[in-house]
Structure formats: C-alpha cells, structure tokens
Amino acid sequence: MAWKAQNEISSADAKRIDASILQVDTQKKNMVYQLGEAFYKANKDCGDVEETYKSMVDDIKKLEFNRKVWINRKMKLQGMRICEGCGNVLPYESVFCNRCGIKLEPVAEELVELEGVQNIVETQ
C-alpha cells in the first residue's frame, strides 16, 4: 500500500515536472522567435549590432539550463540520471558512466532566475 501511495505521488510530481518542461520549451521558443524578429528588424537596414542581443541570448541559455534542471528532477524521481558526456541513462547513485567512463558530476537541481520571465512553480 505504501508503495502505491509513493508511486501516485511520484506520478503527480512527474506530471508537474512535464508541465514545467513544456512551459520552459514554450518560453524558449517565444524568446528565440522574438530574438529572430528583433535581429531582422535591426539588421535589415544596418550592420553590426551584436551587443543588442546579448541579454536575449543569455536568457535563452538560462531557459536551456532550467529545462535541463527539470529533466534532472524528473529523472531523479525515477531513480535515474543522464550522463552529460554521452547521454546514457544511469541509476541516480552512479559515480561513473558505464558507457563512456567519465566521472559524473552532481546533477544541477537549482533553477536560475530570469528577469522579465514568469517564474515556474516549483514542485516539492
């Protein structure tokens, strides 16, 4: 009975994490679209404007990092983790990858804040 209750909690957590991953993907897609639109408007008539886009590119990188954090959290619920070197799925407690042999670093579990982007609700 306890296993069933834990499984239901994990399933609910996994669904919330899936929703968070989808939200991050949507935010990233919107920001990439805005970046492309801004780049086009700025460059259709002029030349070098690289610094103008630095904050947008940085925010997109933060979204990509947050997506990885949500995936790490979901994998942890399943007792698994992903090797950063080769993408192999391993038990969460693994110290080395059994495919590529690299020493596994602790997985990122903390989200980074984005200015002007809606915060995603954390799952406990």
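A residue is called buried when its relative accessible area is under 20%, exposed when it is over 50%, and partly exposed in between, as judged with a 1.4 Å probe on protein chains only. By that rule Val-57 is partly exposed, because its relative accessible area is 33%.

The structure is a predicted model, in which local features need pLDDT of at least 70 and side-chain atom pairs count only at pLDDT 80 or more, while totals for chains, interfaces and linings use all residues. Residues are numbered from 1 along each chain as its sequence is written, and side-chain values use heavy atoms, with hydrogens and water left out. The pLDDT is the predictor's confidence in each residue, on a scale from 0 to 100. It averages 82 over the protein chain, and 77% of the residues score at least 70. Confidence is lowest in H1, with a mean of 81, and highest in strand S2 (residues 89-91), at 96. Where pLDDT is low, the predicted coordinates should not be read in detail.

The overall plan comes next. The protein chain contains two helices and two strands, and along the sequence they follow the pattern α-α-β-β. Helices (H or I, at least four residues) and strands (E, at least two) are DSSP runs, numbered from the N terminus. Of the 124 residues of the protein chain, 28% count as buried. The chain exposes about 8800 Å², of which carbon and sulfur atoms supply 56%; these areas come from the Shrake-Rupley method with a 1.4 Å probe, and for residues only the protein chains shown count as cover. Contact means heavy atoms within 4.5 Å. Among contacts between residues at least 6 apart in sequence, 54% join residues at least 24 apart.

Helix H2 spans residues 54-77, and the distance between its end C-alpha atoms, 35 Å, agrees with the 34 Å that its 24 residues should span at 1.5 Å a residue. That expected span is 1.5 Å times one less than the number of residues. The buried residues of H2 are Met-56, Asp-59, Ile-60, Leu-63, Asn-66, Val-69, Trp-70, Asn-72, Arg-73 and Met-75. An α-helix has 3.6 residues a turn, so residues three or four places apart point the same way. Glu-64 also lies in helix H2, but this residue is partly exposed because its relative accessible area is 39%. After H2 comes Gly-79, whose phi is positive, near 75 degrees.

Helix H1 (residues 2-43) includes Asn-30, which is partly exposed because its relative accessibility is 43%. Leaving aside neighbours within four places in sequence, Ile-21 is in contact with Arg-67, Trp-70 and Ile-71. Its C-alpha atom is 9.1 Å from that of Val-69, 48 residues away in sequence, and 10.0 Å from that of Glu-64, 43 residues away.

What makes up the largest nonpolar core? A nonpolar core is a set of buried Ala, Val, Leu, Ile, Met, Phe, Trp, Tyr and Cys residues joined through side-chain atoms within 4.5 Å. The largest has 12 residues: Ile-17, Ile-21, Val-24, Met-31, Leu-35, Met-56, Ile-60, Leu-63, Val-69, Trp-70, Leu-111 and Leu-114. H1 and H2 each supply at least two residues of this core. Not counting residues up to four places away in sequence, Val-69 touches Ala-108, Glu-109, Glu-110 and Leu-111.

The cysteines remain to be described. A disulfide is a pair of cysteine sulfur atoms within 2.5 Å, and a search of the whole structure finds zero disulfides. Cys-86 is in no disulfide, and the nearest cysteine sulfur, that of Cys-97, is 3.6 Å away. Cys-86 is partly exposed, because its relative accessible area is 29%. Cys-100 is likewise in no disulfide, its nearest cysteine sulfur being that of Cys-83, 3.6 Å away. With a relative accessible area of 36%, Cys-100 is partly exposed.
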